[in-house]
Amino acid sequence: MSAVAVVLAGGLSRRYGSDKLTADVDGQTLLDRAIGGLHDDREVIIVGPARALTSGGHEPGTSTSSVRVGHEPPWSDPVRVRFVPDDHPDGGPAAAMITGLRAALDSTAELILVLPGDAPGAGIAAEKLAAELARRPESPGLLAVDRSGRDQPLQLALRRPAAEHLVRASEPDGAQGRSARRLVATLDLPRLELDRAATWDIDTARQHRAWVLRDGAAVRAVRQLLEERAPTAVILIGGDRDQVDALADAVELAGDARPTADAADVDGWFTRSLHVPPPHRSATLRIGVGPGPVPDGVELVVS
């Protein structure tokens, strides 16, 4: 089945503070990392301003042409990439998605993948959706949901009729200023649950930090403690709220535990609990979190 991937790469990155899609993630730009998990033969339509991609081959200003872009792993072969300006640059993600779907429908593609450009695992997630949809020939498409059951309306695999439906449903304003969740809900798509890393997006420096930490020494140490002690829960305690939150999020990204809401301030210390799945062999484990050496910049004290 011929396929096109629509990558949403607009927005102003207000919460991040600079253009997040050019931020370094695993040695690539975030945008490169997001689309890096796509199969090599996918045509890629990026909705948003043209940006230089990590491995070169594209120069800003060629936004309406197809370009061949060579990438470092995980891209082993060149991929066709086309930048398309957003019809409604301030219209929100639903409008950007419609812009991309219209461009994709100009091709003969029978499968259209939609993914956010600010999610490092989005390309891999898109291919999981595509593979599952191939096993469901009667389904018009699939909608990703995260581990908490929350819909991810910007992570879709759509057969051509479903994409055409969304474009029609967006009229007359092209979904400008409208909710992507409500727009996608008109399809009533079946869901596919994906792991946290597949749906993790980077809107803030803290979320970026959590992604960096997920494979680091601090998270490995916490995971080892979880395996050895199997506590009923873990409480992270530290003087830096962002550091505590980033470490908790990173542990969740590694797949071992689910954190509660953001860190709470208790007498000048910030605490955050991690719920650990059974079986349990010990009581709650408390871990102090403080500044430490590179590369993680985190030191743990277990009590």
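Thr-199 counts as buried, at 5% relative accessibility; buried means under 20% relative accessible area, exposed means over 50%, and partly exposed lies in between (1.4 Å probe, protein chains only). The place of this residue is in helix H6; helices (H or I, at least four residues) and strands (E, at least two) are DSSP runs, numbered from the N terminus.

Leaving aside residues up to four places away in sequence, Thr-199 touches Val-145, Asp-146, Gln-152, Gln-155 and Leu-194, where contact means heavy atoms within 4.5 Å. Thr-199 and Ala-119 are 80 residues apart in sequence, and their C-alpha atoms are 6.7 Å apart in space.

## Basis of the report

The model is predicted: local features need pLDDT of at least 70, side-chain atom pairs count only at pLDDT 80 or more, and totals for chains, interfaces and linings use all residues. Residues are numbered from 1 along each chain as its sequence is written, and side-chain values use heavy atoms, with hydrogens and water left out.

## Salt bridges

Side chains of opposite charge can pair when their charged atoms come close. A salt bridge is defined as a side-chain nitrogen of Lys or Arg within 4 Å of a carboxyl oxygen of Asp or Glu. By this rule the count comes to 23 salt bridges.

Which parts of the chain does the pair Asp-118 and Lys-20 link? The side chains of Asp-118 and Lys-20 meet in a salt bridge, at 2.8 Å from N to O. Asp-118 stands in the loop between strand E7 (111-116) and helix H3 (122-134), and Lys-20 in the loop between strand E1 (3-8) and strand E2 (24-25), so the pair links distant parts of the chain, 98 residues apart. Asp-118 is buried, with a relative accessible area of 13%, and Lys-20 also counts as buried, at 10%. Both belong to a network of salt bridges that links Arg-15, Lys-20, Asp-118 and Asp-203.

In another salt bridge, Arg-178 pairs with Asp-173, with the closest N and O atoms 2.8 Å apart. Arg-178 is partly exposed, with a relative accessible area of 33%, and Asp-173 is partly exposed at 31%. Arg-214 and Asp-215 form a salt bridge of 3.4 Å, N to O; Arg-214 is buried, with a relative accessible area of 14%.

## The largest pocket

The largest pocket has a volume of about 1300 Å³. Its lining consists of 45 residues, of which Lys-20, Asp-118, Leu-154, Asp-201 and Asp-203 lie nearest its centre. Two or more lining residues come from each of helix H2 (93-105), strand E9 (151-159), helix H5 (180-185), helix H6 (196-199) and strand E12 (258-259). The largest share, five residues, comes from E9.

A pocket is found on a 1 Å grid over the protein atoms alone, as an open set of points where a 1.4 Å probe fits, with protein on both sides within 12 Å along at least five of seven lines; lining residues have an atom within 4 Å of a point. Grid points are joined across faces, edges and corners, and a volume is the space filled by probe spheres set on the points.

## Helix H8

In helix H8 (residues 217-229), the residues Ala-218, Val-219, Val-222, Leu-225 and Leu-226 are buried. They cover an arc of only 120 degrees around the axis, which puts them on the same side of H8. What covers the buried residues of H8 includes helix H7 (205-213), strand E11 (233-238), helix H9 (241-254), strand E15 (285-291) and strand E16 (298-302). H8 is followed by Ala-230, whose phi is positive, near 45 degrees.

Conventions
Expected span 1.5 Å × (residues − 1). Arc of directions from axis to C-beta.
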